[in-house]
Amino acid sequence: MEARYWCGRRSNLGIPAGSCRIGCRCRRLRYRGFRSNEWRSPLALLAGRWVRPRIYLGGASDGLVFTGSPSGRVYAVDDTSGELRWSALIEDDGTSTVFQPAADRDLVVAGYTTFTAPARGGIVALDLSTGHERWRTAFPRSDNASLGSAWAGGPLPLHDLIVAASSSGEIYGLDRNDGSIRWSLPRVGDSCVGSASSPSQDFRPLSVTGRTLVAGSLTGCLEAFNLDTRFVLWRHPGVDDGSVAFSVVADNQTVYVPYVGGRLRAFNVSDGKPRWEIGNARRRFNWPPVLADGRMLVASAEGFFGFRP
């Protein structure tokens, strides 16, 4: 299991405080000025207020845990001592947020959004050891000046690529070395959302298994692409389940997709055919599962469950 799933007052899986379960690696991030399971960044210390990592907590590598922040910074924290190893200022305009960083070999990559009108954003790559900026790529802006290009999915490190999505609904493959855009995939088309029109602003949760890229959408559409050809392998409209939630996961055979309507659905990676589903509007499973040792661990408002998928 990835080290990003930390136990605390409430983890990003919704696990209650101190509730280490099978496969969890539960520690408490420690930093000077720490109280209980709450974390405060140097900026928050100066501001005299407490903040929690929440949606900003990202990956871990080489003894470091990485997190973004609403202050426009990326932080690297020692996973043993809790000491701050470095911080990198991405934007200092007071309106920018950096979201969950992903660690990949010698890089840390993160999506950021500057909340202007319209919002704009992109992907930044930092040196994992020092926090020095390697490159930065802003998402292309729409021809319609009123539409934003904020961060809206990813980044996913994939060999020589970094894959991420813009709020325009488009998905971009960036060169890992310099951030140049090597290819793009279009936003969800009307054919995948039934009678609903394709949104001008979207969020595309992304996951990869093998050479298949899976992308969700606020429309409820789920798409799978071949990464070599960028052709669509299959689509599933999901019109009865509402929007795809903000994260999906996949293994070699199955894609696990939570929907805001409360269902967690499983699809074949190969052809997109539904395999099973759990949850409903009353017993909601809005978080993606964690896959470990042949088990599926998932949280809902009613508690923490383990299944054998």
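Q: How many disulfides does the rule give here?
A: The count comes to 1 disulfide. The model is a predicted one.

Q: What makes Cys 192 and Cys 221 a disulfide?
A: Their sulfur atoms are 1.9 Å apart. The cut-off is within 2.5 Å, so the pair qualifies. The angle about the S-S bond is 85°, and the link of Cys 192 and Cys 221 is right-handed.

Q: Where in the chain do Cys 192 and Cys 221 lie?
A: Cys 192 is in the loop between β13 and β14. Cys 221 is in the loop between β15 and β16. The pair links distant parts of the chain, 29 residues apart. Cys 192 and Cys 221 are buried.

Q: Why is the pair of Phe 66 and Trp 86 called tilted?
A: The search of the whole structure finds 9 aromatic pairs. In the pair of Phe 66 and Trp 86, the ring centres are 6.0 Å apart and the planes are at 40°. Centres within 6.5 Å make a pair. Planes under 30 degrees apart would be stacked and over 60 edge-to-face, so the rest are tilted. An angle of 40° therefore makes Phe 66 and Trp 86 a tilted pair.

Q: Which strands hold Phe 66 and Trp 86?
A: Phe 66 is in strand β2 and Trp 86 is in strand β4. They are 20 residues apart. Both Phe 66 and Trp 86 are buried.

Q: Why is the pair of Phe 99 and Trp 151 called stacked?
A: Their ring centres are 4.4 Å apart and their planes are at 20°.

Q: What parts does the pair of Phe 99 and Trp 151 tie together?
A: Phe 99 lies in the loop between β5 and β6. Trp 151 lies in the loop between β9 and β10. The pair therefore ties together parts that are 52 residues apart in sequence. Both Phe 99 and Trp 151 are buried.

Q: Why does the pair of Glu 91 and Arg 136 tie together parts of the chain?
A: Glu 91 lies in the loop between β4 and β5, and Arg 136 in strand β9. The two residues are 45 residues apart in sequence.

Q: Why are Glu 91 and Arg 136 given their accessibility labels?
A: Glu 91 has 19% relative accessibility. Buried means under 20%, so Glu 91 counts as buried. Arg 136 has a relative accessible area of 29%. Partly exposed runs between the buried limit of 20% and the exposed limit of 50%, so Arg 136 is partly exposed.

Q: What makes Arg 136 a charge over the ring of Tyr 112?
A: The charged end of Arg 136 is 5.6 Å from the ring centre of Tyr 112. The charged end of Arg 136 sits over the ring.

Q: What makes Arg 176 and Asp 104 a salt bridge?
A: The closest N and O atoms are 2.7 Å apart. This is within 4 Å, so the bridge counts. Arg 176 is in the loop between β12 and β13, and Asp 104 is in strand β6, 72 residues apart. Arg 176 and Asp 104 are buried.

Q: Why do Arg 295 and Asp 293 get their accessibility labels?
A: The side chains of Arg 295 and Asp 293 meet in a salt bridge, 3.6 Å from N to O. Asp 293 has 65% relative accessibility. Exposed means over 50%, so Asp 293 counts as exposed. Arg 295, at 27%, counts as partly exposed.

Q: Why is Ser 300 called buried?
A: Ser 300 has a relative accessible area of 12%. The limit is under 20%, so Ser 300 is buried. Ser 300 is found in strand β23.

How values were computed: Residues numbered from 1 in each chain as written. Predicted model: local features only at pLDDT ≥ 70, side-chain atom pairs only at ≥ 80, totals over all residues. Heavy atoms only, no water. Helix = DSSP H or I, 4+ residues; strand = E, 2+ residues; numbered from the N terminus. Buried < 20%, exposed > 50% of the residue type's maximum accessible area, 1.4 Å probe, protein only. Lys NZ or Arg CZ within 6 Å of the ring centre and 35° of its normal.
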